[in-house]
Amino acid sequence: MRRRPSTPLPVPFSPRAARAHRAGLGLTPDQVAEGMAAHGVRLLPSHVVAWEAGEMLPSEEEFIALSRALWCPPAQLMGIAPATLRDFRLARELNREQAAHRIGVGAATYARAEETGRWDADGEQGLALAHVLGLPLRVMVRVTGRQDALDRLLRQVVDGRWQAQLRAVARVVPVPHAVLGEVLAELQDEYLVPGHWGSTVPDTARPPARPLAERFWELLARRATDVPV
């Protein structure tokens with residue numbers, strides 16, 4: 001059974017920001033339309049007026065062309081901070097096919113990730129995703145729906161042997177095993193119950209209990225990683 005194509009979601013767009021950028025450049029709607037045509041999108045100046053009035057929303061292609069015509073980063077025209085895979089992709093001026101090609105996955109696989117907010121590819125492709133979309137590691141885990149999985153794995157790290165969870169955590173957080181092993185070992189040592197077998201930190205030296213994920217990111221940020229934390 002063929003899968004029906006999903007209805008495209010509205011592009012996050014701020015009419016006020018678009019109007020302010022155009023005014024700041026001293027451009028008319030006609031000049032903006034001409035600038036967009038130079039980037040392969042032809043439309044009437046009335047479209048630009050309608051966008052700025054909040055009467056219409058641009059398509060993805062129009063949105064990217066508009067940002068180029070206004071010489072501003074796409075994220076500045078969104079009016080909100082990027083919060084989804086699609087937002088971050090648009091902020092990098094990419095369509096779905098371009099993003100999928102650069103990441104090294106099929107177009108259908110990438111489209112499904114955007115539509116569901118879930119990323120099921122391996123660690124190497126997760127690293128490519130972070131590079132292509134400019135995602136810090138913490139943000140990548142959140143926007144790909146993997147935060148709950150990471151929370152469960154970190155709890156297992158503290159309750160058992162961190163070595164047994166290393167590969168699984170690396171699939172969620174794509175950093176070298178050597179770096180991740182240092183972080184997990186330190187995390188386990190900090191959160192072991194006082195007097196627990198294997199604990200090497202004196203009870204009096206233990207920091208107050210904090211959310212595991214929060215501490216995990218802090219420890220990882222102290223190490224050199226290919227992608228910022």
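1. A cavity is here a set of points, on a 1 Å grid over the protein atoms alone, where a 1.4 Å probe fits but cannot get out, and its volume is the space filled by probe spheres set on the points, which are joined across faces, edges and corners. The model is a predicted one, in which local features need pLDDT of at least 70 and side-chain atom pairs count only at pLDDT 80 or more, while totals for chains, interfaces and linings use all residues. Residues are numbered from 1 along each chain as its sequence is written, and side-chain values use heavy atoms, with hydrogens and water left out.

2. The count by this rule is one cavity of 30 Å³ or more, and the largest cavity holds about 40 Å³ of space.

3. The largest cavity is lined (an atom within 4 Å of a point) by Phe13, Ala18, Arg22, Val32, Val48, Trp51, Glu52, Leu66 and Leu70. Two or more lining residues come from each of helix H1 (15–25) and helix H3 (45–53), helices being DSSP runs of H or I with at least four residues, numbered from the N terminus; H3 gives the largest share, three residues.

4. By class, this lining of the largest cavity has seven nonpolar, no polar and two charged residues, where Ala, Val, Leu, Ile, Met, Phe, Trp, Tyr, Cys and Pro count as nonpolar, Asp, Glu, Lys and Arg as charged, and the others, Gly among them, as polar.

5. Elsewhere, helix H11 (residues 147–159) packs with helix H14 (residues 212–221) at an angle of about 85°, their axes 9 Å apart; axes are lines fitted to C-alpha atoms over the stretch in contact, and angles run from 0 to 180 degrees between N-to-C directions. H11 and H14 are therefore roughly perpendicular (65 to 115 degrees) to each other.

Conventions. Parallel < 35°, antiparallel > 145°, perpendicular 65-115°, else oblique. 1 Å grid on protein atoms, 1.4 Å probe; cavity = no way out; pocket = protein on both sides within 12 Å on 5 of 7 lines; lining within 4 Å.
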